[in-house]
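Welcome, and thank you for taking a look at this protein. Please glance over the sequence and the 3D view below, and then let us walk through it together.

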Amino acid sequence: MTAIALTIAGNVERGSRSIIDADQIAVGDQVLVLPLGEGIEAMQPRPCDIEGVAGHPRLLRMRGDFVPIVSMRARLGTPGEAPPLTESIAILVEAEGRRIALVVDQLIGQQQAVVKSLSTNFRRIEGIAGATILGDGRVALILDVDATI
């Protein structure tokens, strides 16, 4: 596992920031931010909504259609055991006409977030649009749905 320590400078030049409305989600003990409007629907999957291959869940029925499941734990390399799919939260997202179910551990709530560019302050990370600083001082990565799909 590779750990990344990220420090974002708190001094922002006038006019260089963007504020978005967003959902806070948790994957393990990491809080992530999903821009509001990117998530079409969130649900806790029921066993009857899950289709699998060889005992591994691959598709989830959302809004009458089956969509591929993308585990954010697997995508981010989050350590620890994932909760069962039926105890997780699936968020339906769409980009370029393709829909997937992002599976996260918890939906925390909504907040406004000041967007900080990672490419300016660090480097570009695939699937991450930027970062924000939470009220408790921790850094939360902002998901880039287009790059995730």
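Arg-63 is exposed because its relative accessibility of 52% is over the 50% cut-off. This is a predicted model, so please read every value here as a computed one. You will find Arg-63 in the loop between strand E5 (56-62) and strand E6 (65-71). Its phi is near 55°, a positive value in a residue other than glycine. Most residues other than glycine have a negative phi.

Where is Glu-96 found? Glu-96 sits in the loop between E7 and E8. Glu-96 also has a positive phi, about 50°, although it is not a glycine. With a relative accessible area of 80%, Glu-96 is exposed because that value is over 50%. The hairpin that E7 and E8 make has two residues between the strands, and Glu-96 takes its positive phi within this hairpin.

Ile-133 belongs to strand E10. Is Ile-133 buried, partly exposed or exposed? Ile-133 is partly exposed, because its relative accessible area of 40% falls between the limits of 20% and 50%. Along the sequence Ile-133 and Val-115 are 18 residues apart, and their C-alpha atoms are 8.6 Å apart in space.

Here are the accessibilities of these residues side by side.

| Residue | Relative accessible area | Class |
|---|---|---|
| Arg-63 | 52% | exposed |
| Glu-96 | 80% | exposed |
| Ile-133 | 40% | partly exposed |

Now for the strands and how they pair. E7 and E8 run antiparallel and are paired over seven bridges. Within this pair, Ile-91 has Leu-102 in E8 as its bridge partner. E8 also runs parallel to E6, and three bridges join the two. There, Ser-71 has Val-103 in E8 as its bridge partner. How many residues of E8 are buried? Five of its seven residues are, and E8 is mostly covered.

Another group of strands makes an open sheet. Its five strands come in the order E9-E1-E2-E11-E10, with mixed pairing. Strand E9 (106-115) and strand E10 (128-133) stand at the edges, and each has a single partner strand, so one side of each is left without a neighbour in the sheet. On average, neighbouring strands of this sheet are turned by 35° against each other, direction ignored. Inside the sheet, strand E2 (residues 30-35) and strand E11 (residues 139-143) pair in the parallel sense over two bridges. Leu-32 has Leu-141 in E11 as its bridge partner.

What about the interior? In soluble globular proteins, nonpolar side chains tend to be buried together. The largest nonpolar core here has 19 residues, and those with the most contacts inside it are Ile-91, Leu-102, Val-104 and Leu-143. Strand E1 (18-27), E2, strand E7 (89-95), strand E8 (98-104), E10 and E11 each give two or more residues to this core. Which element gives the most to this core? E7 does, with four residues. A second, separate core of nine residues includes Leu-60, Leu-85, Leu-92 and Ala-101.

Val-104 deserves a look of its own. Leaving aside its neighbours within four places in sequence, Val-104 is in contact with Ile-25, Ala-26, Val-27, Met-72, Ser-88, Ile-89 and Ile-91.

Terms used:
Residues are numbered from 1 along each chain as its sequence is written. This is a predicted model: local features need pLDDT of at least 70, side-chain atom pairs count only at pLDDT 80 or more; totals for chains, interfaces and linings use all residues. Side-chain values use heavy atoms; hydrogens and water are left out. Two strands pair if DSSP finds at least two bridges between them. Axes are lines fitted to C-alpha atoms, for helices over the stretch in contact, and angles run from 0 to 180 degrees between N-to-C directions. Buried means under 20% relative accessible area, exposed over 50%, partly exposed in between (1.4 Å probe, protein chains only). A nonpolar core is a set of buried Ala, Val, Leu, Ile, Met, Phe, Trp, Tyr and Cys residues joined through side-chain atoms within 4.5 Å. Contact means heavy atoms within 4.5 Å.
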